[in-house]
Amino acid sequence: MDWLDYARFFSALCVVFFHYFFNGVANGKIASYGAYPVFGEIAKYGYLGVNFFFLISGFVIALSMQKRSTGPFVVSRFLRLWPAFFLCMTITATIRILSQDPDFAVSLSQYLANLTVMPQIFGHANIDGVYWTLTYEITFYSMIACTIFLRIPLSNILLPWLLGIVAAKALGLTGLPLIGTHYAWFLAGCTIFLITREPGIRWRYLVLFAAAALALYEVCMAADGLTARRGTPYSAWVIGVSSGVFIALFLGATLSEINRLKLPFARSLGLATYPLYLLHAYIGYIVLSYLGTEENKLILTLVLIVVMIAASVVVVYAWEKPTASFFRAIADRCIGKPLALLEAHVGTRIQALADRMRNPGAASRDMVGPRK
């Protein structure tokens, strides 16, 4: 699906534009020049690219879990996340240290905690602020891994997941894993995938409508808070319409002939999206702060975006691909094989229990013998 790689890249660019043309100046990370009067008004909505990422992730992970056991699924997620994260986080930490800016100082303990991808567990902040989304991704991956391990069809968890999100919103429990803020986007993505596989099952469209409505309600209701926090007015209409259009276009693309389109550089752009997301923010802030002026800020920012895209491609082809077999061997040994043994041991018992629940009379017949 070449268009899917383009959708990923578009979402990443939305986030890059948000940080470079609005957020860097607005939050004081870039102090060498002032705000963009026109670009800034558009770029301030670029944060929505994160939600688009979550929607795409729900679709892609639902696709990638098909016909996989737990071990290969977890290994594939590790290989997609950690090697690129390790390099990009190390580069970002190094540049932060070299900048000699007290606001960007990095301690050894903070760096080591960030190697886990979830440094908050150890009381440390992320090396780069954009890493907060990885906690949501890993939590979602963990749920999918559990469904694979327990042999629960993905379609069976749609309604319970939806009801959990509704209950969490009704009770104001926005911070809970899997049912708190942002997870309606993952649910919508998973549901769209199942719709593409079996478009005739109508109740799934109702789940998608409800998940999309919850996701749109969430982002629209955040408009007032964003206005107060960032000191610039946010329009709930702009947020809701742009988000709704993206969801509609995404669904339409999955159900149309667009799936068969061959688009130039799609694979490279798709692979480079994750490194671009990891690299751009704090490195960009430092470069723009040191080199930017009112006179050169636009051309410098545009050049920096091109450089960051090129650097992301280099990460893919000079680091991820050459080291893939090395990290795969380690992941297979430390993650894949233990999970395979555990799944083989527990899986037969889970299957036997499931068989008894589906056909309770079979067990009693086995104990008393065949009936005459």
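The sulfur of C220 lies 16 Å from the closest cysteine sulfur, that of C14, which is too far for a bond, a disulfide being a pair of cysteine sulfur atoms within 2.5 Å. The structure holds zero disulfides.

| Residue | Relative accessible area | Class |
|---|---|---|
| C220 | 19% | buried |
| C334 | 54% | exposed |

This is a predicted model, in which local features need pLDDT of at least 70 and side-chain atom pairs count only at pLDDT 80 or more, while totals for chains, interfaces and linings use all residues. Residues are numbered from 1 along each chain as its sequence is written, and side-chain values use heavy atoms, with hydrogens and water left out.

The secondary structure comprises 14 helices and zero strands, helices being DSSP runs (H or I) of at least four residues and strands (E) of at least two. The C-alpha trace spans about 95 × 45 × 45 Å along its principal axes. Of the 372 residues in the chain, 47% are buried. Among contacts with a separation of 6 or more, 77% join residues 24 or more positions apart, a contact meaning heavy atoms within 4.5 Å.

The chain exposes about 18,500 Å², of which carbon and sulfur atoms supply 69%, with areas computed by the Shrake-Rupley method with a 1.4 Å probe.

Methods: Buried < 20%, exposed > 50% of the residue type's maximum accessible area, 1.4 Å probe, protein only.
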